[in-house]
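The sequence and structure come next, followed by the points.

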Amino acid sequence: MATEGSTMPALTGSVRDKSVRKFPTVTPGSCDNKKENHEEAEESNNSKENACQRWLLKACWCCYTRPKDNDITDTVVTGTDDVDKDDGINGEKPSTNGGELDAALLKVQSIDLMKSKSGLNRIEHHTNLYESDNFIIRRGQTFQMWITLSRPFDPNTDTLRLELKTGSVPIVSKGTHVFVPLVEELKDGRWEAAVVEQDDRRIKLSVNSSPTAIIGRYQLIVETNCANGKHVSTHDPANDIYMLFNPWCEDDSVFMDSEDERQEYVLNDVGRIYYGTADQIGARTWDYGQFTDGILAACLFLLEKSLSPTHGFGDPVNVVQIMSAMINSPDDFGVLEGNWSEDYTGGNSPTVWSGSVEILLEYQKNNGLPVKYGQCWVFAGITTTVLRCLGIPCRTVTNFKSAHDTDVSLTTDVYVDEDLDLIKNLNTDSIWNFHVWNDCWMARPDLPPGYGGWQAVDATPQETSQGTYRCGPASLAAVRNGHVYLKHDCPFVFAEVNSDKIYWQRNVDGTFNQIYSEKHVVGLNISTKAVGSDERSDITHLYKHPEGSEQERIAVETACRYGSKADAFSSLTTQDVLIKVIMDGAGPKMGEDAKLTIKLRNSSSAQRNVSLHGQLAVMYYTGVHKATVRKDKTDVQILPNMETSLDWILECETYKDHLIEQAAMLLTLTGKVQETGQILATQFSFRLRTPDLILKPIGKAAVGNKMAVEISFTNPLPQVLKAVIFHVEGLGLLPARTINYGDIGSHATVTLTQHFVPTLPGTRKLLASLDCKKLTQVHGVCDITVEDKGSAAL
């Protein structure tokens, strides 16, 4: 379902053979055997061009030359040309130059795209933040350019048009080969250009692009026509146009009408990613870095490496599907290799990463070799980077108590034996403490009206979708209402956020009966960073109706009709005894005892006696068990209409030798009411909170001025932490840096100092993380306000 740099290789134009300056390079074997003979004929015949020579020009241009032709940079064709002919992106028009005809031609001498980051083009297109000197614009919006000609442009006798090509085989009918005509007045929604200013031999064009234009890199050439013939400029890679999606354009399918949301979901390059459990929500800062030099090239490299047809790159639904697959590695050697094994030999632990830039640049630098290793929040962080870089509004989303449905039942199934103990080999469904994916914003013309807006997309490789590890875009409106029959991958996302948890008990004959159904235990506190602040925003209401409401139950029943266990849907039933687990405050810290409270409430008018079984497992955050570390059994009496509380304590000595990543625990409680036969079942997950890194800036923060940060950490465990690694990075402060620190003693406090030189002004975030086998998800962040060079000097 959801399945993972050097700069992008230049798309070069034809190469001319400068050893024979009068001829462009031609296809081997086409006319090579004639070239030498015609050069000798030219030496003995310098007479004025005659009818035969003009015929030769049209019949075989590569055999034709004229005296005094030393121009190898311009291309001139006086015959007609088929504009629909596919020349390929590297195709160059033939060249005939010199003489009186050359003097009378209207030739392009230079093109100025006005691509400065501080210029109007980049500012008006909201691309001035990209740390690149390339011409980066957004589709469906006007941009300006200056063209210098060999003589003044005369609109009465001269014509001009732009020609744009993208992809390996540009074709007019596919939109990958575009001709932009010169018109009197521009109209929205189409490729057009108009002269808005003329200064002697210079003309200024205002150019419109289509709001459905293909995104990516275009080669630009300019074609002019006059009475004396046609001239086509030579392709210059410096004039390539990088086209992005445009959330500011009403006719673009990714249009977003709130400027605050555009600033957050397109232009913000730092965010927050949430983790932990529904009752213990942690947050870490993430550098998306979509404007960092090289990241746009890496994103376009991903599109190219997907081997998807270029003409599909204008549809954000298609681009999101491609990126969902390409950001993971299993079936297409994508960006990131997932690893949940605890053995990260040959790569980095997923908890080390603090941003996407290092990963994407490494991937492209190694020509598409997957980076090691990632887990869900890393896949999601990279997805946000890539989609924002390309212009698709995107946010990182965390779902707590996230179900992983493996059999398309749209329920989360738990199997127990005759004694109510879990049957390990049958419990393939799981509930992750948290799972991180993405929402992206777009219209959905491929779906019925009403399903546009936020769409869920997941790059973490869990289950395949049509044979590929990818997931989405799934309409949140469809998920909310249980309309799982709509594409793409709505059933899987629905199960993640709103499946019922069904308990099945094995009978003596090997069959199973449904004994209990838990509702409202999946899809809790769905979270994303708030617009304009670092606060957490709960968006659960966008994924599901209020728990227990009639609309929510209708949605569940609607969805389950399309599942593989349609008859497993369990309607509401009356329960005499309810069971609940409560944790005080933020929960236990690493190295301390953990304390929970189990509450049983009897709503009947008679006493109830319950046989209660408890089982504690250490588990990965994905819900996969590593080991059972404790089992309990107790009998409880509950008086009529009363509530009984049981204290449950887990000593540090019990868990300290079983710690794994995320320090996650799962308490499973099952029971039976003796008087009624009612089955009780619930699961409660919690984590041991890790300490933070303390970051303290030292020195004056100014561009070009050396400063330092002091990082402090205290080991919370009564044992040595071995092979500790620190990782530090900050956009505009310092590139990602890894420090192999070594061992840290029991309860010891350590401090290390890192020096760096800020490169960008403004308020910047410096991120640090610590990782070792016994302790992960240790991180810290501090804000540093950096003055620019001018301010620092005053």
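Axes are lines fitted to C-alpha atoms, for helices over the stretch in contact, and angles run from 0 to 180 degrees between N-to-C directions. Helices (H or I, at least four residues) and strands (E, at least two) are DSSP runs, numbered from the N terminus. The model is predicted: local features need pLDDT of at least 70 and side-chain atom pairs count only at pLDDT 80 or more, while totals for chains, interfaces and linings use all residues. Residues are numbered from 1 along each chain as its sequence is written, and side-chain values use heavy atoms, with hydrogens and water left out.

**Helix H6 with helix H7**

- Helix H6 (residues 295–305) and helix H7 (residues 316–326) have axes that come within 10 Å and cross at roughly 95°.
- H6 and H7 are therefore roughly perpendicular to each other; angles under 35 degrees count as roughly parallel, over 145 as roughly antiparallel, 65 to 115 as roughly perpendicular and the rest as oblique.
- Contact means heavy atoms within 4.5 Å; on the H6 side Cys299, Leu302, Leu303 and Lys305 meet Val319, Ile322, Met323 and Met326 of H7.
- By class, this contact of H6 with H7 has seven nonpolar, no polar and one charged residues (Ala, Val, Leu, Ile, Met, Phe, Trp, Tyr, Cys and Pro count as nonpolar, Asp, Glu, Lys and Arg as charged, and the others, Gly among them, as polar).

**Helix H6 with helix H9**

- H6 also packs with helix H9 (residues 376–390), at an angle of about 95° and with the axes 10 Å apart.
- That makes H6 roughly perpendicular to H9.
- Ile295, Leu296, Cys299, Leu300, Leu302 and Leu303 of H6 meet Thr385, Val386, Cys389 and Leu390 of H9.
- The contact of H6 with H9 divides into nine nonpolar, one polar and no charged residues.

**The open sheet**

- Three strands form an open sheet in the order E25-E26-E29, with antiparallel pairing; two strands pair if DSSP finds at least two bridges between them.
- Strand E25 (577–582) and strand E29 (643–650) stand at the edges with a single partner strand each, so one side of each has no neighbour in the sheet.
- From one strand to the next, the twist averages 20°.
- E26 and E29 run antiparallel and are joined by eight bridges.
- Leu596 has Trp648 in E29 as its bridge partner.

**Ile598**

- Ile598 lies in strand E26 (residues 594–602).
- Ile598 is buried, with a relative accessible area of 4% (buried means under 20%, exposed over 50%, partly exposed in between, with a 1.4 Å probe and protein chains only).
- Leaving aside neighbours within four places in sequence, Ile598 is in contact with Ile579, Lys580, Leu612, Thr644, Ser645, Leu646, Trp648 and Leu669.
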